[in-house]
Amino acid sequence: MAAADGGAIHPVSARQWPAAGPSRIPNWVYTDPDIFAREQERIFQGPNWLYVCLDAEIPNPGDFTRSKLGAREVVAVRGMDGQVRVLINRCAHRSMQFCSANRGTATEFTCPYHQWTYDLDGNLLGLPFRRGLRGLGGMPEDFRTEDHALERLAVVSRHGVVFASFAQPNQTLEEYLGPTMLGWFDRVFSGRALKVLGYQRQRLPSNWKLMFENIKDPYHASLLHVFLVTFGLFRMDQQSAVEMDDTGRHAVLVGRRGEQKANEATAQMRAFHENLRLADPRLIDPVREFPGEATVVMQTLWPNLIVQQQSNGLAMRQIVPLDAENFDLVWTHFGYADDPPEMTERRLRQANLFGPAGFVSADDGEAMILSQLGIAGNEAAEGLVEMGGREVADVPHTVTETAIRGFYRHYRAVMGL
Amino acid sequence: MIAAAPGLRASAALRARLADLYGAYDEALGEGQYERWPDFFTEACIYKITSRENYEAGLPIGLIYAESRAMLADRVAALRKTVLYAPRLMRNLTAGIVLRSIDADGMRLSASFAVFQTMLNDPSTVFLVGRYYDRVVDDNGALRFAERICVTDSTLVPTSLIFPL
């Protein structure tokens with residue numbers, strides 16, 4: 001669909017962002033394969049900290065899990081020293097993907113093709129017939145195993161969350177997130193040990209940025225999400241805020257649970273049903289577990305993570321772009337290791353709101369698909385992002401699209417658009 | 001057709017009642033009659049959809065996780081009144097039903113399912129396939145699911161899961 005408007009006609013260098021700036025989004029950012037290629041290079045392989053996994057997924061030495069950072073697949077493994085390594089899932093010999101299990105425990109990695117074997121640091125330990133057979137064949141004299149390690153990423157972790165980077169950022173994770181985001185991050189990840197409750201994946205035929213826009217857009221939440229609106233889980237008339245880091249690349253939506261009662265705001269929400277009742281109210285039976293008044297905190301962390309805290313529903317949503325018009329969303333639902341059984345039950349029940357079948361997030365998935373369908377063939381058109389003004393600034397309300405503008409202000413700078 | 005595990009005695013009458021239950025379930029879902037769906041379950045039922053990956057690792061999360069018939073009714077009310085989705089038809093096919101055991105807690109059965117999805121103006125596609133792990137009880141004269149765990153072979157849901165399996 002993008003071909004007619006693709007690279008041959010419009011090389012990235014000739015692309016012109018609309019003069020109005022970040023309050024307009026040209027549709028070609030969602031379809032152009034050349035833009036996608038530049039995103040891979042500058043964003044996903046750029047000097048950013050990308051979410052990889054939770055420490056709790058690989059608690060013991062030798063435990064590993066696969067993850068995907070942009071287009072490149074990695075294996076995160078806990079070394080014998082307890083530190084996590086993130087290795088590209090590509091044998092140094094012929095590029096074969098050497099690890100095909102989603103997770104497990106290993107003492108070394110052996111590529112099944114020619115049995116090149118690596119230690120958990122990614123160092124090449126050895127390979128069959130290195131010295132040939134009966135004086136014939138073998139690797140050249142100057143072959144050194146030290147020259148053929150697996151590609152290894154820079155890794156940082158904070159309070160049980162592992163991040164990695166293809167290009168060593170010149171910022172620590174704490175600097176990268178900035179003080180505002182770090183405060184919200186530490187609210188959920190305080191250092192308390194985590195417990196994984198399970199995984200979900202969905203493939204959405206839409207551009208990966210639409211996922212970020214969705215969670216940076218509190219305007220839609222009060223209109224699209226009948227379920228959230230009706231049961232007061234997220235609504236414009238509640239005390240709420242949108243905050244960003246200095247660059248605008250990260251953002252957080254903060255809200256406080258309200259009542260199922262009609263008022264001036266709900267009158268503008270066709271989604272509001274005053275009389276809708278749950279037959280089993282245990283579905284929404286939240287208990288306060290974090291300091292402060294906020295009951296919903298949705299963080300979007302550049303470039304591949306959404307941290308969800310809605311009531312007692314906690315999840316990492318990892319964005320894995322596949323191409324310009326498709327991405328996978330990987331959900332890791334979690335709680336805390338010391339949760340009593342009734343709290344785990346509560347989290348599992350509330351998880352009905354989220355994931356590929358969520359009362360709320362299935363809406364979002366459908367909305368992104370329909371957005372991509374509307375964008376296809378209309379690459380010359382642009383999106384309008386003016387709710388709450390045209391500037392990028394933190395606001396103590398949610399009648400705004402400011403965080404989308406913040407995202408694109410940063411995006412343009414990184415992409416050179 | 002309901003098969004029985006080796007050595008398990010099951011009368012033709014019982015197998016026919018089970019076949020009726022499974023057949024009616026497929027029919028209700030395939031015809032989009034979701035209002036009929038909660039009534040296939042007991043009041044204190046467990047209904048869960050999860051992937052083989054979670055199931056084998058003992059991870060408890062569900063795509064749908066319900067602990068009562070009322071929660072199933074809430075799911076139907078939500079998909080009728082609150083959830084946005086593009087129009088689609090779903091068709092459930094259940095096969096290879098095996099009665100595995102019978103005890104005081106009811107009958108344990110397993111079966112394979114395939115669910116096909118047809119979006120408006122698109123070809124039909126395989127949506128999810130997997131296995132049901134069921135516990136069926138006689139609930140005041142009607143056979144109902146006291147437990148239905150739907151374990152999908154794929155870890156990946158194509159787009160979104162709007163309707164139950």
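# Briefing: chains A and B of a predicted model

A:Arg203 stands opposite B:Pro158, a residue of β8(B). That pair belongs to a link between the chains: strand β12 (residues 194-204) of chain A and β8(B) run parallel and are joined by 3 bridges. Strands here are DSSP runs of E with at least two residues, helices are runs of H or I with at least four residues, and both are numbered from the N terminus. Two strands pair if DSSP finds at least two bridges between them.

This is a predicted model: local features need pLDDT of at least 70, side-chain atom pairs count only at pLDDT 80 or more, and totals for chains, interfaces and linings use all residues. Residues are numbered from 1 along each chain as its sequence is written, while chains are lettered from A and ligands numbered from 1 in the order in which they are written.

**Where the chains meet**

- 36 residues of chain A are in contact with 30 residues of chain B. Contact means that the C-beta atoms of two residues, placed from the backbone, lie within 7 Å.
- On the chain B side, the elements that give two or more residues are α2 (52-57), β3 (64-66), α3 (69-81) and β8 (156-158).
- α3(B) gives the largest share of that side, 6 residues.
- By type, the chain B side that touches chain A has 20 nonpolar, 7 polar and 3 charged residues. Nonpolar covers Ala, Val, Leu, Ile, Met, Phe, Trp, Tyr, Cys and Pro; charged covers Asp, Glu, Lys and Arg; the others, Gly among them, count as polar.

**Chain A as a whole**

- Chain A holds 8 helices and 19 strands.
- A compact globule of 417 residues would have a radius of gyration near 22 Å; chain A has 23 Å, which agrees. The radius is taken over C-alpha atoms, and the globule rule is 2.2 Å times the number of residues to the power 0.38.
- The C-alpha trace of chain A spans about 85 × 60 × 35 Å along its principal axes.
- Of the 417 residues in chain A, 48% are buried. A residue is buried if 20 or more other C-beta atoms lie within 10 Å of its own, exposed if 12 or fewer, and partly exposed in between, with C-beta atoms placed from the backbone.
- Take the contacts in chain A between residues at least 6 apart in sequence: 66% of them join residues at least 24 apart.

**A helix and a sheet in chain A**

- Helix α7 (residues 361-375) of chain A has 15 residues and should span 21 Å at 1.5 Å a residue; its end C-alpha atoms are 21 Å apart, which agrees. The expected span is 1.5 Å times one less than the number of residues.
- Buried residues of α7(A) include A:Met368, A:Gln372 and A:Ile375. Their cover includes β12 and α3 (208-215) of chain A.
- An open sheet of 3 strands has the order β2-β11-β10 in chain A, with antiparallel pairing. β2 (50-54) and β10 (154-158) each have a single partner strand, so one side of each is left without a neighbour in the sheet.
- β2(A) pairs with strand β11 (residues 161-165) of chain A over 4 bridges. A:Cys53 has A:Val162 in β11(A) as its bridge partner.

**Hairpins in chain B**

- Strands β4 (residues 88-103) and β5 (residues 106-119) of chain B run antiparallel and are joined by 13 bridges. The hairpin between them passes through 2 residues.
- B:Leu99 stands opposite B:Leu109 in β5(B).
- β5(B) also pairs with β6(B), antiparallel, over 11 bridges. B:Met107 has B:Val136 in β6(B) as its bridge partner.
- The hairpin of β5(B) and β6(B) has 5 residues between the strands, and B:Asn121 takes a positive phi near 70° there.

- Most residues other than glycine have a negative phi, and most peptide bonds are trans.
- A:Trp302 and A:Pro303 are joined by a cis peptide bond, with omega about 0°. A:Pro303 sits in the loop between β15 (296-301) and β16 (305-310) of chain A.
- A:Gln115 has a positive phi near 55°. A:Gln115 counts as partly exposed because it has 13 C-beta neighbours inside 10 Å.
- B:Asn140 has a positive phi of about 50° and lies in the loop between β6 (125-139) and β7 (142-152) of chain B. B:Asn140 counts as exposed because it has 7 C-beta neighbours inside 10 Å.
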